[in-house]
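These are my notebook entries on what I looked up in this structure, one topic at a time.

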Amino acid sequence: MGIALIVLGVVTLLAGLSGDGDVMGQVTRSFVLEPGQQLAIAGRNGAITYEEWDGHDVQIEATTRASALARVLWTVLGGGDAVHFAQGSSGVEAAADSRTSFIGWAGFQVGFHVRVPRGWTGSVQLVNANGNISAAGLSGDVLLRTTNGPIAVQGMTGTLQARTSNGTINLADVHGSVTAVTSNGVVLISGGTLAGSGRVQTTNGAIELRAGFEAAASYDLTTTNGAVRAYLPNPDVVLDLTAMNGEIRSQVPFVVSEEGRERVAGRERERLEGRIGAGSALLRIRTSNGPIDVITL
């Protein structure tokens with residue numbers, strides 16, 4: 001009985017100590033970045049935001065939040081700075097200390113607010129764990145990656161890779177090559193023009209596309225247990241559509257080259273191939289347990 005009471009007391013104490021974290025530290029650093037250089041940010045359990053501003057430098061504000069328990073554990077691990085900054089010939093890096101990965105469960109969070117000069121173009125890497133990423137005014141070669149959190153983009157020109165798990169991806173006004181991959185989340189692309197080759201993929205979620213395609217663009221949209229709705233402005237595409245246990249519906253008249261319905265492994269599969277206009281771009285859509293809708297804007 002005595003041991004049980006002690007264990008219960010310790011569990012209760014730890015639960016109380018590991019509540020919502022207060023600000024443990026905040027630091028702001030400024031750097032000069034030339035066009036084409038790299039900006040790499042790595043957070044943990046906190047939010048990462050990225051935006052343009054009218055300043056001439058890149059400004060990085062890092063905020064560390066920690067519960068009482070996390071503060072104790074941080075001291076046990078040696079304490080010190082929870083965020084490290086570095087600048088080299090290739091660019092600038094700001095990252096949460098690797099030790100934070102051991103105590104994130106206790107309420108230790110490192111988040112970043114990044115401001116770049118308006119119009120700056122370069123290589124951008126925003127990497128997070130168990131936290132969201134939101135970015136506006138991206139330009140260049142961009143990688144956004146997190147786990148257990150959403151990704152939101154407002155304005156991008158260049159090449160974008162957005163990857164998460166257990167979170168939505170919401171991309172608005174994107175121009176260039178786009179890859180967006182998630183699981184257990186919806187993918188929304190609204191506005192812009194897609195170029196090059198790209199992929200949009202999710203599981204247990206829907207995909208909604210509202211964007212145009214440049215000539216020679218090639219894109220694959222794939223989901224399981226979800227619907228795909230493609231809203232196409234002035235479409236000029238070849239369509240390759242397959243719905244497993246789902247219906248294909250089009251509000252846009254197009255030239256059909258092949259269509260059919262068959263049973264595969266006990267499931268109903270509907271296929272439809274054709275083109276709208278001259279077919280200067282290629283759009284493949286695959287769904288499982290959900291319909292496909294093609295609609296003109």
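I began with A172, which counts as buried because its relative accessibility is 11%; I take buried as under 20% relative accessible area, exposed as over 50% and partly exposed as in between, with a 1.4 Å probe and protein chains only. A172 lies in strand 11, where strands (E, at least two residues) and helices (H or I, at least four) are DSSP runs numbered from the N terminus. Not counting residues up to four places away in sequence, A172 touches V153, Q154, G155, S190 and G191, a contact being heavy atoms within 4.5 Å. I also looked up its separation from V92, 80 residues apart along the chain, and the C-alpha atoms of A172 and V92 are separated by 27 Å.

I note here that this is a predicted model, in which local features need pLDDT of at least 70 and side-chain atom pairs count only at pLDDT 80 or more, while totals for chains, interfaces and linings use all residues. Residues are numbered from 1 along each chain as its sequence is written, and side-chain values use heavy atoms, with hydrogens and water left out.

Next I turned to the protein as a whole. It has three helices and 22 strands, and its C-alpha trace spans about 70 × 60 × 25 Å along the principal axes. Of the 297 residues, 47% are buried. Among the contacts with a separation of 6 or more, 51% are accounted for by residues 24 or more positions apart.

Which residues line the largest pocket? I found M24, G25, Q26, V27, A62, T64, G80, D81, A82, V83 and F85 in the lining, and the elements giving two or more residues to it are strand 1 (22-31), strand 4 (58-66) and strand 5 (83-87). Strand 1 gives the most, with four residues. The space in this pocket is about 160 Å³, a volume being the space filled by probe spheres set on grid points that are joined across faces, edges and corners. For the record, a pocket on the 1 Å grid over the protein atoms alone is an open set of points where a 1.4 Å probe fits, with protein on both sides within 12 Å along at least five of seven lines, and lining residues have an atom within 4 Å of a point. By class, the lining has six nonpolar, four polar and one charged residues; Ala, Val, Leu, Ile, Met, Phe, Trp, Tyr, Cys and Pro count as nonpolar, Asp, Glu, Lys and Arg as charged, and the others, Gly among them, as polar.

I then looked for aromatic pairs, and the count comes to three, the rule being that rings of Phe, Tyr and Trp (its six-membered ring) have centres within 6.5 Å, with planes under 30 degrees apart called stacked, over 60 edge-to-face and the rest tilted. The rings of W74 and F108 have centres 5.0 Å apart and planes at 40°, so I list this pair as tilted. W74 is in helix 2 (residues 68-76) and F108 in strand 7 (residues 108-117), so the pair ties together parts that are 34 residues apart in sequence. Both partners are buried, W74 at 4% relative accessibility and F108 at 0%.

For backbone angles, I kept in mind that most residues other than glycine have a negative phi. N166, in the loop between strand 10 (151-163) and strand 11 (169-181), has a positive phi near 55°, and at 42% relative accessibility N166 is partly exposed. N234, in the loop between strand 16 (228-232) and strand 17 (237-244), has a positive phi of about 45°, and with a relative accessible area of 71% N234 is exposed.

I went on to V237, which lies in strand 17 and is buried, with a relative accessible area of 2%. Leaving out residues up to four places away in sequence, V237 touches F213, L232, G274, R275, I276, G279, S280 and A281.

My last entry concerns E273 in strand 20 (residues 267-276). With which side chain does the side chain of E273 make a polar contact? The partner is the side chain of R271, at 2.5 Å; a polar contact is a pair of N or O atoms within 3.5 Å, where within protein one must be able to donate a hydrogen and the other to accept it, and residues adjacent in sequence count only if both atoms are side-chain atoms. Leaving aside neighbours within four places in sequence, E273 is in contact with L239, D240, V255, V256, S257 and E258.
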